[in-house]
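Biologist: I am new to this one. Please show it to me, and let us read it feature by feature.

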Amino acid sequence: GAGRRLARAGCPGGGGGRRCGAVAALDAQGKHVRNRDLVGFVDFSQPSREARFHLIDIEGGKVLSSHLVSHGLGSDPANSGWVQRFSNRLGSNASSPGAFLTGVTYYGKHGRSQRLIGLEDANSAAMERGIVIHAADYVSAEMARDYGRVGRSQGCFAFSNKDISGVMQRLGEGRLLFATK
């Protein structure tokens, strides 16, 4: 389950372990993160067919929900469903790792979306690159089942149309999203 996935991402097992990666990121980026009760954690070591985005209750130390999320096509040129590499370069269409701060919501070409501010060297160009949270038809349980993967974004964190409202409502503005492999 999610606990084992988080353990492989560098967290020991058990209740406290489920939140250690998120807590370490919160500790490192604390001055930027206004709301510290909940974080979004993306485990890019998992294939895109798995629910690898986790909303984690920091105080309770538990995963509240898990969801499918895309990665960038530049991170997976062969369209295998696995992240091969990251990039922070404009035009790379790749996912970036590290800590992001959730920003304001807006309506764009993918409907209601949420800006992300990169807090580390590995994702500092997120705003310039337009890396956001949004919904996409190419992310769905049906696609994961039928093709063994979901579609790829241009580096954004794309969710299913079914999940996007709940994810954005729970994350809100001023929380940490942490992506790792």
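Modeller: Start with pairing: two strands pair if DSSP finds at least two bridges between them. Helices (H or I, at least four residues) and strands (E, at least two) are DSSP runs, numbered from the N terminus. Here β1 and β2 pair in the antiparallel sense, over five bridges.

Biologist: What kind of model is this, and how are residues numbered?

Modeller: This is a predicted model: local features need pLDDT of at least 70, side-chain atom pairs count only at pLDDT 80 or more, and totals for chains, interfaces and linings use all residues. Residues are numbered from 1 along each chain as its sequence is written, and side-chain values use heavy atoms, with hydrogens and water left out.

Biologist: How many helices and strands does the protein have?

Modeller: Five helices and eight strands. Along the sequence, they run α-α-β-β-β-β-β-α-β-α-β-α-β.

Biologist: In what order do the strands sit in the sheet?

Modeller: First the general idea. Strands of a sheet pair through backbone hydrogen bonds, either parallel or antiparallel. In this model, eight strands form an open sheet with mixed pairing, in the order β3-β2-β1-β8-β4-β5-β6-β7. β3 and β7 (157-159) stand at the edges with a single partner strand each, so one side of each has no neighbour in the sheet. On average, neighbouring strands of this sheet are turned by 30° against each other, direction ignored. For that angle, axes are lines fitted to C-alpha atoms, for helices over the stretch in contact, and angles run from 0 to 180 degrees between N-to-C directions.

Biologist: Which residues stand opposite each other across β2?

Modeller: Take His54 in β2. Phe41 stands opposite His54. His54 also stands opposite Ser66 in β3. β2 and β3 pair in the antiparallel sense over five bridges. They form a hairpin with four residues between them, and Gly61 in the turn has a positive phi of about 65°. Elsewhere, β5 (residues 111-118) and β6 (residues 132-135) pair in the antiparallel sense over two bridges. There, Gln114 stands opposite Ile133 in β6.

Biologist: Is β2 enclosed or open, and which way do its residues point?

Modeller: Burial is a cut-off on relative accessible area: buried is under 20%, exposed over 50%, partly exposed in between (1.4 Å probe, protein chains only). Five of the five residues of β2 are buried, so β2 is largely enclosed by the rest of the structure. Phe53, Leu55 and Asp57 point one way, His54 and Ile56 the other. In the protein, buried residues make up 52% of the 181 residues.

Biologist: Which residues touch the most other members of the largest nonpolar core?

Modeller: In soluble globular proteins, nonpolar side chains tend to be buried together. A nonpolar core is a set of buried Ala, Val, Leu, Ile, Met, Phe, Trp, Tyr and Cys residues joined through side-chain atoms within 4.5 Å. The largest one has 21 residues; Val42, Phe53, Ile133, Phe157, Phe159, Leu171 and Leu177 touch the most other members. Elements giving two or more residues include β1 (38-43), β2 (53-57) and β8 (176-180). α5 (164-171) gives the most, with four residues. A second, separate core has twelve residues, including Ile56, Ile58, Leu101 and Leu119.

Biologist: Where is Ser140, and what does Ser140 touch?

Modeller: Ser140 is in the loop between β6 and α4 (141-147). Ser140 counts as buried because its relative accessible area is 15%. Contact means heavy atoms within 4.5 Å. Not counting residues up to four places away in sequence, Ser140 touches Leu68, Val150 and Ser160. A polar atom of the Ser140 side chain also lies 3.0 Å from the backbone nitrogen of Met143.

Biologist: How far apart in sequence are contacting residues?

Modeller: Count contacts between residues at least 6 apart in sequence. Of these, 58% join residues at least 24 apart.

Biologist: Which residues other than glycine have a positive phi?

Modeller: Asn79 is one of them, at about 60°. Asn93 is another, with phi near 55°. Asn79 is in the loop between β3 (62-67) and β4 (98-108). Asn93 lies in the loop between β3 and β4 as well. Asn79 counts as partly exposed, at 24% relative accessibility. Asn93 is partly exposed too, at 23%.

Definitions and conventions. A polar contact is a pair of N or O atoms within 3.5 Å; within protein, one must be able to donate a hydrogen and the other to accept it, and residues adjacent in sequence count only if both atoms are side-chain atoms.
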